[in-house]
Amino acid sequence: MSTQELLSPILTFLKCETPQQWLIEATKKENLAIVLIDHLICELKAAQSAMFLIRKYAVDKESSDALLAWLQPFEALIYKREGDWRTLAAKNKLTKSVIPKSDSPYGQDLIDKMVLLIKEELHHFYQVLEIMDEFGIEYKSITPCRYAKGMLKHVKTFEPDALIDKLIIGAYIEARSCERFAKLAPHVDKRLGDFYISLLRSEARHYQDYLTLAGEIASFDISERVKFFAEREAELILTPDNDFKFHSGVPA
C-alpha cells in the first residue's frame, strides 16, 4: 500500500490538515530536540493510555499488576531518569498472558488490540531514543502541550460513554500523529524521514483499532461523537498556540 493510499482515509477522518506554519516551525534545526523529545513522550503516553484502558475495563488485579511491571522500566527512564535506555528493547514483552476478568463486557478484543498497540508504541519509544542518541540529543523534561487535555476535558462522566469517548480521542491522536509524520518526512534528515515513513502503517492501524473498538462497544451510533471530537481536534490544530510541540496548534 502506498503512502497516499494509507493516508487517504486518515485525511478524510481528520477535519483539517496540519497548517504550513507548524511545518515550518517543526523543520527548523533548533526545534529538532523538542520534536524528538515530545515524540518520545507521546509514544510512552500512548502506551500508558492503552494500558489504562485494559487495566480499568478488561483485566483482574493479577493481570493489571503484570501490565504495570511491563511498563515500569520505560516510565522509570522518563520520570526518574533511572536505567539504561539500551536495555529497554529486551524488556518489551509481557511475562505472562493477560486474560480478561470474567465479568468484563469488553473482553479479549480490547486486550488483543491494546497489547499489540502498547508493544508497538514501546518499540517506537526505543527507536526514538536510538535516533536521539545518533543526533546527540539528551532527554530533558518538557511541559505537556494542550492537545490531549483539550480533548479529554470533553469526555462524558458515565460509562460506557466515557470509554467510547476515550477510544475516539485515541483514534484522533493516532490519526494526527500519522498525518504529521507524513508531512514532516520529506523535509527532514533522510534517516529521520525514513523513520517517520516506517511509522505510518502502525499509526494508521492504531487509529482504525480505536475507532473499531468504540463502534463495537457502543450500543448507539457513534458518528455524532466522532464528528464532535473532529471539531474539537481541528480547533486545537488550527488556533494559535504559544507552546510549540509535536501536536501543537499554529505557532503564535
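1. Confidence. In the protein chain, confidence is lowest in α5, at a mean pLDDT of 88, and highest in helix α10 (residues 223–238), at 98. Here pLDDT is the predictor's confidence in each residue, from 0 to 100, and the helix labels come from DSSP runs numbered from the N terminus (helices are H or I, at least four residues; strands are E, at least two). For the protein chain, the mean pLDDT is 92, with 98% of residues at 70 or more.

2. Ground rules. You are looking at a predicted model, in which local features need pLDDT of at least 70 and side-chain atom pairs count only at pLDDT 80 or more, while totals for chains, interfaces and linings use all residues. Residues are numbered from 1 along each chain as its sequence is written, and side-chain values use heavy atoms, with hydrogens and water left out.

3. The largest pocket. The volume of the largest pocket is about 860 Å³. A pocket is found on a 1 Å grid over the protein atoms alone, as an open set of points where a 1.4 Å probe fits, with protein on both sides within 12 Å along at least five of seven lines; lining residues have an atom within 4 Å of a point. Grid points are joined across faces, edges and corners, and the volume is the space filled by probe spheres set on the points. Lining the largest pocket are 34 residues, and those closest to its centre are K45, A46, S49, A148 and I173. Two or more lining residues come from each of α3 (32–57), α4 (61–80), α7 (146–152), α8 (161–184) and α9 (190–217). The top contributor is α3, with 11 residues. By type, the lining has 19 nonpolar, 7 polar and 8 charged residues, where Ala, Val, Leu, Ile, Met, Phe, Trp, Tyr, Cys and Pro count as nonpolar, Asp, Glu, Lys and Arg as charged, and the others, Gly among them, as polar.

4. The second largest pocket. About 280 Å³ of space lies here. Its lining includes L77, I78, R81, W85, L129, M132 and G136. The elements giving two or more residues are α4 and α6 (107–134), and α6 gives the most, with 3. This lining divides into 7 nonpolar, 2 polar and 3 charged residues.

5. Backbone points to check. R81, one of the residues lining the second largest pocket, has a positive phi near 55° although R81 is not a glycine. R81 sits in the loop between α4 and α5 (88–91) and is partly exposed, at 48% relative accessible area; buried means under 20%, exposed over 50%, and partly exposed in between (1.4 Å probe, protein chains only). G136, also in that lining, takes a positive phi of about 70° just after α6. Do look as well at the peptide bond joining E159 and P160, which is cis, with omega about 0°; P160 belongs to the loop between α7 and α8.

6. Cysteines. A search of the whole structure finds 0 disulfides, a disulfide being a pair of cysteine sulfur atoms within 2.5 Å. For C16, the nearest cysteine sulfur is that of C145, 14 Å away. For C145, the nearest is that of C42, 6.9 Å away. C16 is buried at 11% relative accessibility, and C145 counts as buried at 17%.

7. Helix α8. With 24 residues, α8 reaches 35 Å from its first C-alpha to its last, close to the expected 34 Å; the expected span is 1.5 Å times one less than the number of residues. Of those 24 residues, 21 are buried, and α8 is mostly covered.

8. The 28 residues of α6 should span 40 Å, and the end C-alpha atoms are 41 Å apart, which agrees. Q108 lies in α6 and is partly exposed, at 35% relative accessible area.
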